[in-house]
Structures are given as structure tokens and as C-alpha cells.
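Welcome! Here is a short briefing to read alongside the sequence and the 3D view.

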Amino acid sequence: MRLAANSLSGPVEDVAGQAGHREHPPRMGFFTDTSVCIGCKACEVACKEWNEVPEDGLNLLGMSMDNTGSLGASSWRHVAFIEQPRRLARHDAGIAGLPVGPSGTEATAGIVESALRRAPRGGGELGTSPYEPGHVPAVPLADGPERTDFRWLMMSDVCKHCTHAACLDVCPTGALVRTEFGTVVVQQDICNGCGYCVSACPFGVIDRRPGDGRAHKCTLCYDRLRGGLEPACAKACPTSSIQYGELDALHERARGRLEALRASGVAEARLYGEDATDGVGGCGAFFLLLDEPAVYGLPSTPVVASRDLPAMWKAAGVAALGLLAAALSAFMEPRER
Amino acid sequence: MSTTNGRDARAERGPAGASARERRGAPQDGSAEMAMVARARPASYYGRAVLKPPVWGEDIAYYFFLGGLSAGASLLAVGADQTGRSALRRGGRLGALGSLGLGMFFLVKDLGRPERFHHMLRVAKLTSPMSVGTWILSAYGAACGMAAAAEVWPKRLAPRPAGRLLAATGRPAGLAAGLLAPVVAAYTAVLLADTAVPAWNAARRELPFVFTASAAASAGGLGMIVAPPSEAAPARRLAQYGAIVELAASRRLEARREVALEPYLFGNAGRLLNRASALTAAGVLGSMLAGRRSRVAAVASGAALLAGGMYERLGILRAGVASTTDPRYVNGG
């Protein structure tokens with residue numbers, strides 16, 4: 001077996017072809033433009049409905065309007081809400097100078113954060129299984145500096161369908177496959193729930209569903225794609241924040257949108273996941289963000305661990321030879337005895 | 001990354017308050033110097049984890065320990081077979097099969113769908129250390145099984161065809177198991193390193209040495225228990241080599257002072273790993289001082305080495321989990 005060029009990392013021209021699909025459609029993907037997301041969560045609902053994704057808990061997290069919390073085995077779209085005390089370009093929130101008091105977001109978020117860390121999975125429950133935060137003390141709306149400008153960042157997160165998908169690389173059963181569309185899908189009749197993909201994913205997307213025992217994540221609506229339809233989330237999105245299409249065309253559209261935003265004063269706008277030279281070889285689902293990736297809970301420099309696999313095996317080989325040598329030497333009798 | 005684009009400090013610190021980080025971030029054992037001191041809070045989504053915590057429970061640490069033990073025991077058995085140490089050979093072969101079997105039980109039990117364990121055998125994937133490991137384990141398990149069968153085949157049934165076959169294949173099977181054993185001990189380190197888990201991935205150069213050395217120390221401990229002191233000199237030496245390399249590799253992890261390696265030093269994982277080092281050191285010292293003369297001391301030293309190996313794997317597992325629950329290890333800060 002011969003390894004193709006850039007089979008473990010780096011840019012790949014034809015992902016589906018590299019995976020063995022001879023004749024295949026162009027690579028399809030998502031461009032999620034967070035600058036027009038209104039946080040309606042229609043994507044979350046449409047995804048659950050179409051894919052029959054079970055309930056992941058109906059609890060209120062007690063902070064922001066995000067009660068999903070995270071992507072998980074039972075949340076394949078997740079809308080993040082971030083309130084920031086700053087202005088979006090020339091937008092006037094209309095409350096500067098008014099006696100509305102400071103935002104309570106930071107205080108409540110701090111309480112929920114520390115409660116989450118005490119949860120059995122350290123907060124990994126979110127998006128996958130019910131999480132009951134318990135009693136969250138009320139935060140008095142204390143006097144403080146007047147509220148100045150503010151902005152809401154909203155972002156519908158999803159599986160990135162990486163060019164070099166760590167989940168797919170490490171899957172020992174072949175349950176995770178690259179489809180003809182270049183997307184990454186778990187075959188539920190194959191997965192035996194080994195959990196390797198969960199720890200391999202540099203984006204914290206895929207997870208194992210308790211009770212079910214198998215790994216689940218966004219399929220980019222593989223069944224709908226096969227039928228010539230767009231994914232349920234993109235179909236439901238009322239502002240075209242979620243755009244589905246050929247990845248090349250989406251890249252072009254995203255670059256145009258980025259330029260337009262910057263021209264209108266949104267200097268902090270940036271693309272995330274579109275760069276084929278990044279640590280995962282670029283993503284099939286990429287984003288336009290209005291702040292650093294970390295603010296949205298995204299890794300700032302995601303890397304597919306398999307990139308270093310040859311070096312890891314080399315180290316293991318040296319260690320294995322060392323063990324063999326140690327065992328041999330242990331049976332060498334000291335001469336003087 | 002901060003202040004350069006003229007944003008105010010509060011926005012830089014992300015949406016959530018700094019309080020939780022500062023309360024929680026500092027290690028509880030007083031070694032706060034290494035951790036962050038009242039640093040500006042790095043950007044994160046409400047302090048949430050970026051990664052998913054591993055779904056692997058303690059079962060997987062038991063498997064890592066038992067697999068390594070089995071590998072080391074197979075090596076001891078080969079040496080014992082070649083040098084005429086029958087008790088060490090017998091204990092090594094049976095110990096190797098027993099610990100492998102028990103390890104496989106934990107491995108399958110930790111699956112989300114244990115009844116589908118054989119799905120591992122439907123593909124062979126070079127990009128998956130777990131797949132590579134499955135095939136190595138299959139070959140190793142067969143060799144291990146034949147060597148152990150030769151050991152327990154009743155004497156009175158020796159003239160039967162099966163008995164003659166086992167008598168002929170016992171030694172080559174043991175040798176095959178011994179040759180595969182180092183890979184069995186080392187591949188699990190690649191399995192952990194080949195993840196996005198910060199503490200495991202950052203230790204990718206050291207982990208294979210920790211794992212093979214720990215396998216040597218554990219197997220040395222087993223050898224001291226199953227063989228009389230007169231036969232156990234190689235086991236004592238193997239334990240010494242293993243303990244030295246294991247302790248050196250752990251030191252190196254500490255010396256690197258990398259943020260992603262902090263979980264090995266602090267908290268629950270740090271305590272387990274300290275216990276592992278103490279038990280391993282005690283086991284080796286005991287074997288050196290009294291292991292040659294007293295069977296009781298040899299057994300006690302061997303037990304300490306086994307416990308040390310077990311805590312080593314548990315500590316490594318816990319450190320990995322801890323490194324996924326804090327966004328700092330992924331996005332810095």
C-alpha cells in the first residue's frame with residue numbers, strides 16, 4: 001500500500017478521490033456567516049427533526065440564551081451567544097449613557113462555569129445528555145458603571161468535515177467514512193463505540209451517546225444530499241447565515257462577504273476553517289467570525305494528531321527495541337558469578 | 001494577540017468572569033508558582049472546554065497496565081525458557097496469557113457496544129493505532145495462548161497428537177510472543193498520543209518510553225512473585241531497568257515545563273503519578289536489598305512494582321482527561 005501525497009496533513013485537491021471515490025460530485029460544504037446569524041436556533045431544531053436526534057436535556061443553563069451549551073452526540077448544530085461590551089462597526093445599540101446598569105452576563109457565567117466543572121464529565125454532558133446545574137444563586141443587578149455599547153455575537157457551530165479528519169483517521173472499525181461529497185459520516189451499523197474519535201477530534205465535536213453507546217455527529221444530511229436536497233439546517237436558516245453548496249463557490253462567496261464587511265468598518269471580521277494550509281488541511285464547513293475563534297469556543301490552531309503519526313511510531317519503535325534490549329540484557333549472567 | 005487592535009481589556013477576557021478561573025486554576029497542593037498568577041483571562045466561550053473529555057473510563061487504564069504486564073511477562077518467559085529457569089518460564093507464560101485475557105475483558109467492557117467488538121476486525125487501518133494494535137494483539141494473543149497451552153498440557157496426555165504438537169510449538173510460540181511483546185507494550189502510547197488531548201499529544205515523544213519501561217518494571221515484579229529468588233535475578237534486573245527509564249521519562253516530562261504537561265504534575269493525576277513513582281522506587285529498592293534472600297521481600301517488592309505500574313496508567317489517563325476540561329490547554333493563556 002502506497003501513501004498518497006499529503007495523506008496525513010496538508011492541502012488536498014480531491015478529498016473524495018483520495019478516499020477512493022472514482023467518479024464523484026464536487027466537494028460540498030457549509031459556509032456559516034455569523035455576521036447575519038440572529039440566534040433563532042431554527043438550525044438546531046431542523047437538524048433534530050430531520051435526523052431524529054434525541055433530546056439532550058431541556059434544562060436552562062442560567063446564562064445567556066444558549067441552553068444547548070455545546071455540540072455533542074445529540075446536538076449537531078449549536079448556536080453560541082456571546083455578549084460583549086463593545087460596538088459592532090457603526091451600529092448604535094441605543095443604550096449608551098442610559099441608567100440600565102451593567103450586564104449580569106459575566107457574573108452568572110462564572111457561577112455556571114464552576115458548576116459545570118464539578119459535573120461528572122466536567123461539562124462534557126452539554127449537547128449530549130441532560131445536565132442539571134442545580135441551584136444557581138440570583139445575581140443582583142447591582143449599581144455599577146452605566147452600560148455602554150454592546151453587541152451580540154451569535155454563531156451556529158457544526159462539525160467541520162475536515163480535509164484531514166482525525167475522527168476518521170483513528171476509527172478502528174471503518175465506521176467513519178469519507179462520502180462522495182467529501183463529507184465525514186459515521187455508519188451507525190458499524191460503530192462499536194470505542195470512543196477513539198471523541199478524543200481525536202480537535203474541535204470537540206463528536207461524542208458517544210450514553211445508552212446508545214455509539215458515536216454521533218453531523219452527517220451534513222448525507223441522505224438529503226443523495227436526494228439532491230440541501231441540509232436541513234441550511235434549508236431552515238431564515239437569514240442565510242448557513243449557506244450550503246460547492247466548497248469552491250462558497251470560498252469565493254465568503255471572501256467577497258469578508259471584503260464587504262471590512263469595507264463597512266467591521267475590521268475584526270475573519271474567516272475560520274477555509275485555509276487549506278491549516279492544521280487539518282482546511283474544513284468542509286467554515287465560518288466568518290467577528291472575534292477570535294477562542295471566544296466562540298473554537299480551537300485557535302486545530303491540528304489533526306495523525307500529522308505526527310510517523311514520528312510517534314518512530315518513538316514507539318525505539319522504545320520497543322529498548323524493551324527488547326533490556327530483556328536480553330537482563331538474562332546476561334554477570335561473568336564473575 | 002491582545003491590546004494590539006485597541007480593544008478594551010474586558011472584551012479581551014472573553015464573555016465569562018475571571019473569578020471562576022482564578023478560583024479553580026491554581027493547583028491545590030501549594031505549587032502555585034508554576035501556574036498562572038492573576039493573569040488576564042484568555043479568551044474562551046464562558047470558560048467551557050473546547051474538547052470533549054475522553055469517554056474512556058478506568059477500564060482502559062487497567063487494560064494498558066495488563067497489556068504491558070503481559071508483554072513484559074512474555075519476554076521474561078522467553079529468556080527463562082532459553083536459560084532453563086522453569087518456574088520463571090511457567091509463571092511468565094501463564095502470567096502473560098492471564099493478564100492479556102483480563103486486559104481484553106476490560107478493553108471490550110469499555111466499548112459503547114461491547115457485543116460489536118469484532119467490528120475491529122473488519123478493517124486494517126494504518127492511520128488508526130487502535131486498528132494496528134488490534135491486529136498486533138490478535139497475533140500476540142495466539143502466540144501467547146499456544147505458549148501457555150504447552151505449559152499446562154497434562155503430562156499423561158503428552159503422547160497424544162495435540163500434546164506432541166504443543167510440545168513442538170511451545171518454544172517457537174513463546175519466541176513469537178516475545179518478539180511481538182515490545183510492540184504490544186509500546187503501541188498503546190501511540191494510541192494515546194494520536195489524539196487532540198493536550199496532555200497526551202504533548203507527551204508523544206516520552207509516552208512510549210514510559211509505557212515500555214513501566215511494562216518492564218511490572219513484569220519484573222510479576223517475575224519476583226512467581227519464581228523463587230534463585231531464578232528471579234533476570235526479573236530483578238528487568239525491573240531495575242524499567243524503573244530507571246520510567247522515572248527518568250517522568251522527570252523529563254516535568255522538566256519540559258510545557259503548559260499542556262501541567263496536568264501530570266498537579267491535582268488528582270499528579271497524586272496518582274507520585275504514588276506510582278514511590279511504589280516503583282520502593283519495589284526496586286526492596287528487590288535490590290532483600291529480593292535475593294527472602295521470598296517474602298521479593299513478593300512484597302513485586303507487588304509494589306505491580307501497583308506502581310497500575311497507578312502510572314491511571315495517572316496518565318486522568319491527566320489526559322483533566323487537560324481536555326480546561327480551554328487553557330487548547331487555546332493557551
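## A first look

A:R270 has A:L289 as its bridge partner in β10(A). This is a predicted model, in which local features need pLDDT of at least 70 and side-chain atom pairs count only at pLDDT 80 or more, while totals for chains, interfaces and linings use all residues. Residues are numbered from 1 along each chain as its sequence is written, and chains are lettered from A and ligands numbered from 1 in the order in which they are written.

**The sheet in chain A**

- β9(A) and strand β10 (residues 285-289) of chain A run antiparallel and are joined by 3 bridges; strands here are DSSP runs (E, at least two residues) and helices are DSSP runs too (H or I, at least four), numbered from the N terminus.
- An open sheet of 4 strands in chain A has the order β8-β1-β10-β9, with mixed pairing; two strands pair if DSSP finds at least two bridges between them.
- β8 (242-246) and β9 (270-272) of chain A each have a single partner strand and stand at the edges, so one side of each lacks a neighbour in the sheet.
- On average, neighbouring strands of this sheet are turned by 20° against each other, direction ignored.

**Where the chains meet**

- In total, 68 residues of chain A are in contact with 73 residues of chain B; contact means that C-beta atoms, placed from the backbone, lie within 7 Å.
- α9(A) gives the largest share of the side of chain A that touches chain B, 14 residues.
- That side of chain A has 36 nonpolar, 20 polar and 12 charged residues. Nonpolar covers Ala, Val, Leu, Ile, Met, Phe, Trp, Tyr, Cys and Pro, charged covers Asp, Glu, Lys and Arg, and the others, Gly among them, are polar.

**Two helices in chain B**

- Helix α3 (residues 58-83) and helix α8 (residues 207-226) of chain B pack at an angle of about 65°, with their axes 7 Å apart. Axes are lines fitted to C-alpha atoms, for helices over the stretch in contact, and angles run from 0 to 180 degrees between N-to-C directions.
- The residues of this contact of α3(B) with α8(B) comprise 11 nonpolar, 5 polar and no charged.

- B:A215 lies in helix α8 of chain B.
- B:A215 counts as buried because it has 34 C-beta neighbours inside 10 Å; buried means 20 or more other C-beta atoms within 10 Å, exposed 12 or fewer, and partly exposed in between, with C-beta atoms placed from the backbone.
- Leaving out residues up to four places away in sequence, B:A215 touches A:L323, B:G68, B:L69, B:A71, B:G72 and B:A185.

How values were computed. Two residues are in contact if their C-beta atoms, placed from the backbone, lie within 7 Å.
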